[in-house]
Amino acid sequence: MALDSDPLAELATALERVLPPGVAMAVEDPAAPEGGLFAVEAEAMSRAVPARRTEFAAGRRAAHRAMARLGLAPAPVAMGPDRAPVWPRGLIGSISHCEGGCAALVARMADMQAVAVDLEPDADLPDDLLPVVCSPAERAWLRDLAPARTGRMARLIFSVKECVYKLQYPLTGKIMEFSDIEVEIDLSHQRFSARLAAHGTKHAPPWTLAGRFGQAGGVMFCLSFAR
């Protein structure tokens, strides 16, 4: 008899396949009861609504488990004034969650400059967001696809831009709009590259913006790394 599928296990396996050496990952259920937090983490969410506390706790638990997979003792991941995670000294990381899953990446600063993960529902991007998220060139690429794929590929562009933003922000501190990032998708190899639009070149980081994407367990994911 076939075993029931485990979407979170499928997501974890798919992420593991594309991780570079030196980066640890863990997946958690964003709907699981909150708990497993250090005091400083719990305090950061003391006034948040229950749903936010639950997803926050899942992200921190995933981060703690990823640290353990690097052979380190789990440590608190505080929340900065900009609401971004504050990683323990010597570590970098990224956390993302959506309805179907929560994932955290952790690496040593000696191995990576930055890491980024973005998770999104594997579903169409709402039509009203298309002109906000996608540039004219990206919309032209979408028009060349089969109509049944357009919505999900627009969601992929959204996820790539979120991932790129997360990768650059810890290093540059720059706030970017969707229009600041132009992406190219290689569907056959499940890879992406990104550059900053002409009006955003002042934000350009000194490393290539590129990464991997995929889908598993009902979740779309994008990963990017800067060495």
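Reader: What makes the length of helix 6 agree with what a helix should span?

Author: In this predicted model, helix 6 (residues 147–172) has 26 residues and should span 38 Å at 1.5 Å a residue, and because its end C-alpha atoms are 37 Å apart, the two values agree. The expected span is 1.5 Å times one less than the number of residues, and a helix here is a DSSP run (H or I) of at least four residues, while a strand (E) has at least two, both numbered from the N terminus.

Reader: Why is the pair of Phe158 and Phe178 called tilted?

Author: Rings of Phe, Tyr and Trp (its six-membered ring) pair if their centres lie within 6.5 Å, and planes under 30 degrees apart count as stacked, over 60 as edge-to-face and the rest as tilted. Phe158 and Phe178 lie 5.4 Å centre to centre with 35 degrees between the planes, so they form a tilted pair.

Reader: How do you know whether Phe158 is buried or exposed?

Author: Buried means under 20% relative accessible area, exposed over 50%, and partly exposed in between (1.4 Å probe, protein chains only). Phe158 has 16% and therefore counts as buried, whereas Phe178, with 21%, is partly exposed.

Reader: How were residues numbered and values selected?

Author: Residues are numbered from 1 along each chain as its sequence is written, and side-chain values use heavy atoms, leaving out hydrogens and water. In this predicted model, local features need pLDDT of at least 70 and side-chain atom pairs count only at pLDDT 80 or more, while totals for chains, interfaces and linings use all residues.
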